[in-house]
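Trainee: I am new to this structure and would like a close look at a single part, the strands and how they pair. Could you walk me through that part and show me where it sits in the whole?

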Amino acid sequence: MRELAAGDRKKRWGTYALAFFLPLAVIAAIFWMLHIYPFGEKTLVVWDANPQYVDFLVYLKKMLSGEVSLSYTFSKTLGGDLAGFTGYYLLSPFNLLVLFFEESRMPYAFQLIYVLKMMACGAACQYYWNSQNKPCRWSSVLFSTTYALSAYVFAYGYNIMWLDAVILLPFLARGIERLVETGRIRLYVLSLMGGLFTCYYMGYALCVFSVLYFLAQWCAYGKRNKKRVVAFVGASLLSAGLLGCVLIPMALSIQGGKAEFSLQGIWTGENYSLKALFRQWATGSFSTSDIPNPGLPPLFCGMLILWLVWLFFLSRRVDRKSKLVYGSLTFIILVSTWSRSLNLVWHAFSEPFGCAYRYSFLFSFLCVIMARRAWEAEWETEGTDRDWRPAAALIGAAACIVLAYFVSGIKGRYAAADLVLLLGFFGIAIWKQKKKLYGGALALTGVLMLADLGQNGKATWNLLIDDAKFDVQRYETHVETLGGLTERVMDLCGGSYRMELDYSVRRSYNDAMTFAYAGISHYSSAEKSFLDSLEEELGISTWREAESPDEFADSLLGLRYIVSVSEQIKSYECIGQEGEFRIFENPTALPLAFGTWEGEQWDDVLQTRDPWNWPQHVEPSDIVRERDDVVTFTIAMDESGEILTSIPWDAGWRISVDGENVPSEERWLDTFLRFAVGEGEHEIRLEYRMPGMSMGWAVTVLTAAAGILWFARKRKCAIIRGRQDER
């Protein structure tokens, strides 16, 4: 028995290894064919990865090394908190790999993280099969690999912060099944916590799925045990409560931002025509037009899965409860992609900007489960001779491809290849019914499946890379050349002013994060909407090309220095040059903070727009920014007045004047911090404390204590029952 157990463990580890490395084999082949690094100069830095994620990984490295603050930054537009930003983009444990890469090599770190997450998807799905009370079979690796190489991972995977949810989904599903079966909640709690921690946005989608999946499993297999419902609700609250120190600051941070709750568009129509849906079953279904809204959802999982899903519903060896559970769940998700109202629900009632079906990996996972169940029922269990149903399923799958060609316009070569693959899989399945041919047939099925998935992945990545046209050499040169220059210009700014790279120099709208300087440009999903009106009035934009702001806007926002390759920038004087780069100085720029006793005149500066004749004010001395979350300065006021700043208002700022706390409820220009001061010389300290952190830790501690008491009571009851049984 021990030898059998040891052999089974060895086989299980073998399936994990195959599920982890088979996706890598396909990925490496695609890299070689498309000349992607290390086989060429191309990379997977496409779409938002170019102007956002690579720069954010650079900034994460600075955060981890202690160069910048963990709570606040002046490199995000005019300044902003980092709770929501970090919670959406940076909390994946895979991102720790940035510590091993130089900043100029960050595109390769991004690509490595992307590939490792794809491989981890395969291993995670393999855990789902291996954790069930069934014999471990090599065939399960086929379905794990399919999950890792599904269309979602290829088409949306460059948004690497979403892939942690794809990895955690099999653990979450298995945790819910285990809760329904035995009442044990540990796996469910840990996997849901992981989803909420790594990206709160995708964690929300996992929460919605958890409710649906639990209800389906409980109704079908839970024998309507009400204790399981209580356990599910308690475990869900426990997962969220233990992360209170993370989720509460994030929730407060995203208020008033791009991801804010909104019911706008909740009752409006469909996202796409239903006939276009046939396209998504076929190879080569992806189009770059699917990235902007609304596009089409990435649903392709390969011809093997398409055929087996049909067989799942036709087979008399699959129980009706399973058909009802997985059929209803896939139908809900599929209808959700079509309905704008339901689609908005999955996105936390916040209209997505591009990649409009971010939860569609749930559909892929359910299809893989159904395909695996059909495979087990038809070819891995003993029973009577096979009937006509596999052939009927083949006809249904082939009909989908024919419709994709005639109705949805899929390319003929892809449609023909898909039909050949369907016939191939069907023929191999018939052939392998003989036991002695099982291994060879399984290997041949795997080869065809990998070729199918690889071809779709190659077509998808080829379109994305050609559309992106990311130049990795230009990126390296940009970072290496401007790193030292921006550092020297920041020294000129001190803590008093901001700087920028103009359009002739800037690589992306997040260069300020790459070089950690105080700027005015930024592009992310973690921006405050109250800045929009002021930015529009000043003629600037945080994320799209717009007319350069005028001298008044530059001066109001404290933009003292501009780096450009142009010979002239407005009326500014060139004060230095390094190679082709010139440094221009704006002499009328206001400091980050200044004192005045003419508040009414300053409230009207947007109408006068004259930087050469600012209302009366006094500039402070020795403004110091300590890693951005602490700003200190000294100012001498001739009479009582107030301090005006170009720091965006935030509830997290704690203001002290000569050691005494001062409230700051009003906003200058409806945007910036302002507070009152008296006559004389004052020591001012602005310190940023992340809102909700104290409350969050209190929730975490209380939840942990309640959880410990709950488990202790449960353990004590089990011991008492055991002693009673002994008696």
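This is a predicted model: local features need pLDDT of at least 70, side-chain atom pairs count only at pLDDT 80 or more; totals for chains, interfaces and linings use all residues.

**The strands and their setting**

Residues are numbered from 1 along each chain as its sequence is written, and side-chain values use heavy atoms, with hydrogens and water left out.

Here is the wider setting. Along the principal axes, the C-alpha atoms fill a box of roughly 95 × 70 × 50 Å. Of the 727 residues, 58% count as buried, where buried means under 20% relative accessible area, exposed over 50%, and partly exposed in between (1.4 Å probe, protein chains only). Contact means heavy atoms within 4.5 Å. Among contacts between residues at least 6 apart in sequence, 75% join residues at least 24 apart.

Now to the strands. Strands of a sheet pair through backbone hydrogen bonds, either parallel or antiparallel. Here, two strands are said to pair if DSSP finds at least two bridges between them.

Let us start with strand E4, residues 559-564. Six of its six residues are buried, so E4 is largely enclosed by the rest of the structure. Strand E3 (residues 498-501) runs parallel to E4 and is joined to it by four bridges, with Arg498 standing opposite Leu559. E4 is also joined by four bridges to strand E6 (residues 581-585), this time in the antiparallel sense. In that pairing, Ile562 stands opposite Phe584.

Further along is an open sheet of four strands, with the order E7-E10-E14-E13 and antiparallel pairing. Its edge strands are E7 (593-596) and E13 (667-668), each of which pairs on one side only. Strand E10 (residues 641-648) and strand E14 (residues 672-677) are antiparallel and share five bridges; the partner of Gly641 in E14 is Val677.

Next comes strand E15 (residues 680-688), which pairs with strand E9 (residues 630-637) over eight bridges, in the antiparallel sense. There, Val631 has Leu686 as its bridge partner. Strand E11 (residues 653-657) is joined to E15 too, through five bridges, and these strands run antiparallel. In this pairing Arg654 stands opposite Glu687.

Ala356 is buried, with a relative accessible area of 4%. Leaving aside residues up to four places away in sequence, Ala356 touches Tyr156, Asn293, Pro294, Asn343 and His347. The C-alpha atoms of Ala356 and Trp375 are 32 Å apart, although the two residues are 19 residues apart along the chain.

Note on methods
Helices (H or I, at least four residues) and strands (E, at least two) are DSSP runs, numbered from the N terminus.
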